[in-house]
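Please keep the view open while you read.

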Amino acid sequence: MSATTAPVSATPTKVASGTRDPEQALETLTALVRDDLEACNRLIVERMQSPVALIPQLAAHLVAAGGKRIRPLLTLAAARLCGHQGQRHVALAACVEFIHTATLLHDDVVDESALRRGAPSANAVFGNKPSVLVGDFLFARAFQIMVADGSLRVLDILATASATIAEGEVLQLVTQNDTATTEEQYLQVIEGKTAALFAAATEVGAVVAERPQAEAEALREYGRTLGVAFQLVDDALDYSASQAALGKTVGDDFREGKITLPVLLAFNSAAEEEQVFWRRVLEERDQADGDLEKAIALMQSRGTLQATIERAREYGARALDALSIFPDGEERRALAGIVEFCIARAR
């Protein structure tokens, strides 16, 4: 993969945990681009229509389940930050959401997930085959939007992100159930499956505004490091959140044998008998009642959940640093607030 994957080193700069309601930061960003977001939502509904009735029915099921539209919000806000005056960013924000939704449909099939955003997943309701095929349809819709935009640079950014997402998901399959996975490999996975689309979503905001390359690169770095922080928090929440807060079944990663940072840190610092436990439940998938609770207890005793959140804060600090190239203003402050929002989910 082309993404930077070296583990982040500790830095003196951290994202403060704060006491402000993190939802306020999301509400602020949403309010800032409300008209554009409403136009984007209309376009999403319009473009997921098809004479094949099952396609809009299944797509609408996932849309109705909620979702904060973080990725399209980032595209809209980045374009506004860069002074874009047209409407190209609205269609591209919809394109970003279609790519994201397509990957969700495919991921839930691969992971055999029963829940998505707290509701039954599309594959649980409609079956695996329709979910995969509607995911393909949404990918195709996304590429139609890219072609209609007419920019080869935009096409390159979003097409590359789509390929990188697939690489990240395949790499996760390769490393799944393997306790010999390294932190570098783990970071490659989340750079691919999550951070790549965050990076593309923000970079195209600068591209449509025809801003200098330095600004496009800064927004790409902001999105990339924000995406890594977002996924790190998700991986910690899988072992520490309530099902309602997580929007999926707690412990799914454990049951699937996914090697995430909290697990890696726990395994690498474990005594021999603890490593035997980790190999049994993750590599052999020999799991019994109480094993998830034991895994959580081991992570808590080793401090690996908190260490994962601290790592997320380091990446969040890098995202904030990337924004420093832009003048202070409501758009920059709103984008900075989303860093806080993503990390504060771990409270």
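## About the model

This is a predicted model, in which local features need pLDDT of at least 70 and side-chain atom pairs count only at pLDDT 80 or more, while totals for chains, interfaces and linings use all residues. Residues are numbered from 1 along each chain as its sequence is written, and side-chain values use heavy atoms, with hydrogens and water left out.

Two packed helices are described by the angle between their axes and the distance between the axes. Here the axes are lines fitted to C-alpha atoms, for helices over the stretch in contact, and angles run from 0 to 180 degrees between N-to-C directions. Helices (H or I, at least four residues) are DSSP runs, numbered from the N terminus.

Let's start with α10 (residues 213-237) and α16 (residues 304-322), whose axes lie 8 Å apart at an angle of about 165°. The two are therefore roughly antiparallel, a label for angles over 145 degrees. Their crossing is left-handed, meaning that the near helix is turned anticlockwise from the far one by less than a right angle (clockwise would be right-handed). On the α10 side the contact (heavy atoms within 4.5 Å) includes Ala218, Tyr222, Leu226 and Ala229. From α16, the residues taking part include Leu305, Ile309, Ala312 and Tyr315. By class, the contact residues are 14 nonpolar, three polar and four charged. In this scheme Ala, Val, Leu, Ile, Met, Phe, Trp, Tyr, Cys and Pro count as nonpolar, Asp, Glu, Lys and Arg as charged, and the others, Gly among them, as polar.

## Helix α4 against α10

Helix α10 also packs with α4 (residues 70-81), at an angle of about 155° and with axes 12 Å apart. This pair is therefore roughly antiparallel, and the crossing is right-handed. Ile70, Arg71, Leu74, Ala78 and Leu81 of α4 meet Leu219, Tyr222, Leu226 and Phe230 of α10. The α4 and α10 contact has eight nonpolar residues, no polar ones and one charged.

The residues in contact are Phe139, Phe143, Met146 and Asp149 from α7 with Val154, Leu155, Leu158, Ala159 and Ser162 from α8. Seven of these count as nonpolar, one as polar and one as charged.

Is Phe137 buried or exposed? At 17% relative accessibility, Phe137 counts as buried, a term for values under 20% relative accessible area, with exposed over 50% and partly exposed in between (1.4 Å probe, protein chains only). Leaving out residues up to four places away in sequence, Phe137 touches Arg47, Met48, Gln49, Ser50 and Ile55. Phe137 and Ala59 are 78 residues apart in sequence, with 9.8 Å between their C-alpha atoms.

## A covered helix

Helix α13 (residues 261-268) is mostly covered, with seven of its eight residues buried. Those buried residues are Leu261, Pro262, Val263, Leu264, Leu265, Ala266 and Phe267. What covers them includes α9 (183-208), α10, α14 (272-283), α15 (291-302) and α16.

## Glu215 and the cysteines

Glu215 is part of α10 and is buried, with a relative accessible area of 14%. Apart from residues up to four places away in sequence, Glu215 touches Cys82, Ala206, Ile325 and Phe326.

How many disulfides does the structure hold? There are zero, with a disulfide taken as a pair of cysteine sulfur atoms within 2.5 Å. Cys82 is buried at 7% relative accessibility, and Cys342 is buried at 0%.

## Two residues with positive phi

Most residues other than glycine have a negative phi. Arg69, which is not a glycine, has a positive phi of about 60°. Arg69 sits in the loop between α3 (54-64) and α4 and is buried, with a relative accessible area of 14%.

Asn177 also has a positive phi, about 70°, although it is not a glycine. Asn177 is in the loop between α8 and α9 and counts as partly exposed at 21% relative accessibility.

Notes. Angles under 35 degrees count as roughly parallel, over 145 as roughly antiparallel, 65 to 115 as roughly perpendicular and the rest as oblique.
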